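Work through the exercises below with the model open. Each task is followed by its solution.

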Amino acid sequence: MLSAATKRKLRHVVLAGTIVSFPLLYLGPVTLEEAAVTMAGLAVGIVTAVLAWFAF
């Protein structure tokens, strides 16, 4: 399906997406109490999960 080189690149994207989603998911509901930031964090998390499924 995907080549080994593509999977290696996707793993880095998955790591970056995970790193970005955690602060968004903390800042949205806890610090800012803003639903839009929380939804952005959830969207990043969903995209990251799908990419992780392809990468691993």
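**Exercise 1.** Are α1 and α2 roughly parallel or roughly antiparallel to each other?

*Solution.* The model is predicted: local features need pLDDT of at least 70, side-chain atom pairs count only at pLDDT 80 or more, and totals for chains, interfaces and linings use all residues. Residues are numbered from 1 along each chain as its sequence is written, and side-chain values use heavy atoms, without hydrogens and water.

Step 1: take the helices, α1 at residues 4–32 and α2 at residues 35–55. Helices are DSSP runs (H or I, at least four residues).

Step 2: read the geometry. The packing angle is about 160°, and the axes lie 8 Å apart. Angles run from 0 to 180 degrees between N-to-C directions.

Step 3: classify. Over 145 degrees counts as roughly antiparallel, so α1 and α2 are roughly antiparallel to each other.

Step 4: class the contact residues of α1 with α2. They are 16 nonpolar, eight polar and two charged. Asp, Glu, Lys and Arg count as charged; Ala, Val, Leu, Ile, Met, Phe, Trp, Tyr, Cys and Pro as nonpolar; the others, Gly among them, as polar.

**Exercise 2.** Classify the ring pair of W53 and F54.

*Solution.* Step 1: apply the rule. Rings of Phe, Tyr and Trp (its six-membered ring) pair if their centres lie within 6.5 Å. The count is one aromatic pair.

Step 2: the ring centres of W53 and F54 are 5.2 Å apart, with planes at 45°. Planes under 30 degrees apart are stacked, over 60 edge-to-face, the rest tilted. The pair is therefore tilted.

Step 3: check accessibility. W53 is exposed at 67%. F54 is partly exposed at 31%. The cut-offs are under 20% relative accessible area for buried and over 50% for exposed, with partly exposed in between (1.4 Å probe, protein chains only).

Key: Helix = DSSP H or I, 4+ residues; strand = E, 2+ residues; numbered from the N terminus. Parallel < 35°, antiparallel > 145°, perpendicular 65-115°, else oblique.
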